[in-house]
Amino acid sequence: MEQTCQFHPLEPATYFCTACETLCCDDCVDDARFNPEPRCFQCNRTLEPRGPGNIEPFWRRLQQSFRYPLATQSLWFILILSVLCSVAFYIPFAVLIYLALFGSVFKYCLSCLSFTAEGYMAPPDITEAYEGGFRKLLVLIAMLFVTGLVINLTNSFLGSAMGGMMALLVTLSFPAIIIHYAISESMIESLNPRNIFDLIHSIGLPYGLILAFIFIMMGSVAVLYQLVAIIPSSLDAIFLFAVTFYYAIVLHHLMGYMVFQFQTELGYSARLQDGSSTRRGGHAIAMAKISTLIKQAEFKDATKLFREQIALNPDKLLLHSRFFEILLATKNAEAMIEFFPKYIRLLESNNRRDLISRNYKRLMAKMPDFEINNPELKFIISKASFDQNDARIAIKLLHGIHKKHPDFKDLIPALTLLAEALDEYPKYADHAAACRRLIGKLDDA
Ligand SMILES: [Zn+2]
Ligand SMILES: [Zn+2]
């Protein structure tokens, strides 16, 4: 069974810390810009990647794969190259021009492979095809020559049966050679039988699927070449080149995706780069760290980190609300005394009177000894509570405010609110009247 993140039981584990022996997901690691590799939140050591988690196998992405070359840039690339290839036939030095053109296609296909392997599911920029295509094609020709030579030598020295076996082996190995070349860019490494075997062995059975696709695609191109007699001859060449290039791109994309899917087995780490996964900022990383700390009941460290983040982000309501929840849950009176006024003022400036009233009630239920000494804060909470039909809290907070805070600038509005709150209870009619007399006196003064 797939192992899951220690902090998110529904997320597959994508990293492992050998020191802390914890499994974590992409969210629970420190992937700040200055860390070339993600680090452990607990011990700050580099983590071991365990693969990308839930990746759709390539055989379930066939539809998307066939749509892959249909991006505007790739389509233009296919079209222009096809036209050029058809025209090149009539120009002197055609062979050289063909080498250059096929080189561009091959180079672009290799870029598609390595881009996909890195998690980019859209084709690379066509500028990828400009430089170095010629050289890559020569390498491909050299690789074909070397493998052909090996088959030939086997044929001559070990007999035609062994030669046939070798031809089959080389055919079956060729995708592995191309994959290796796209990633390592080394011809010698790519032709090393050991590397070829390792790659096929790591991928296992799905490698056979890729081979089957290659044969199906080659077969369908061959059928097209026969059918092409129907199309007017000036266009048939363009059409055939276009179809061939299209299939070549799809195929390289599929091979790249296979590398992406089996990255762990191939000793390699990449993530889907779908635009949404822009790098997290320091705040997002800190919040992820806080959440792992809380889940490990490390409240002291979490509180410290929260304070830092609140100092850096005084306007982030969600951050403040989460800190409030933690302080409430841990009954941290000391930190609450310092934090609560800030929180109430932030709620007030965000027009969240409902939250002021509700959270004050929750605070009093959990920490009944908590006292508010600031008259302005008392007034804010009283107003919010009264708005939420909770006159009792307004009475409790504002009662005697003129004695405790005679210099409070909003004393008259506060007492007016108190009188209104007292009006809610017939038994306090005398108090309400007294309160209004006091307001009258203060007004005259
Ligand atoms: Zn996680
Ligand atoms: Zn660790």
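**Exercise 1. Strand pairing**

Which residue in β2 does Phe 16 stand opposite? Place it in its sheet.

*Solution.* Phe 16 stands opposite Leu 23 in β2. Strand β1 covers residues 15-17 and pairs with β2 in the antiparallel sense, over 3 bridges. Strands pair if DSSP finds at least two bridges between them. Strands here are DSSP runs (E, at least two residues), helices are DSSP runs (H or I, at least four residues), and both are numbered from the N terminus. The sheet is open, has 3 strands in the order β2-β1-β3, and its pairing is antiparallel. β2 (22-24) and β3 (48-49) are the edge strands with a single partner each, so one side of each has no neighbour in the sheet.

The model is predicted: local features need pLDDT of at least 70, side-chain atom pairs count only at pLDDT 80 or more, and totals for chains, interfaces and linings use all residues. Residues are numbered from 1 along each chain as its sequence is written, while chains are lettered from A and ligands numbered from 1 in the order in which they are written.

**Exercise 2. Helices α3 and α5**

Describe how α3 and α5 cross, then classify the contact.

*Solution.* Start with the axes, which are lines fitted to C-alpha atoms over the stretch in contact; angles run from 0 to 180 degrees between N-to-C directions. The axes of α3 (residues 94-117) and α5 (residues 160-184) come within 9 Å and cross at roughly 75°. That makes α3 roughly perpendicular to α5 (65 to 115 degrees; under 35 is roughly parallel, over 145 roughly antiparallel, the rest oblique). Next, list the contact (C-beta atoms, placed from the backbone, within 7 Å). α3 contributes Leu 110, Leu 113, Ser 114 and Ala 117; α5 contributes Ile 179, Ala 182 and Ile 183. By class, that contact has 6 nonpolar, 1 polar and no charged residues. Nonpolar means Ala, Val, Leu, Ile, Met, Phe, Trp, Tyr, Cys and Pro; charged means Asp, Glu, Lys and Arg; the others, Gly among them, are polar.

**Exercise 3. Two partners of α15**

Work out how α15 packs with α14 and with α18.

*Solution.* Take α14 (residues 353-366) to begin. It packs with α15 at an angle of about 100°, with the axes 8 Å apart. The two are therefore roughly perpendicular. Contact residues include Tyr 360 of α14 and Ile 380 of α15. They divide into 5 nonpolar, 2 polar and 2 charged.

Now α18 (residues 411-423). Its axis comes within 11 Å of that of α15 (residues 375-387), crossing at roughly 35°. Among the contact residues are Phe 379 and Lys 383 of α15 and Leu 417 of α18. The classes are 5 nonpolar, 1 polar and 1 charged.

Terms used
Contact = placed C-beta atoms within 7 Å.
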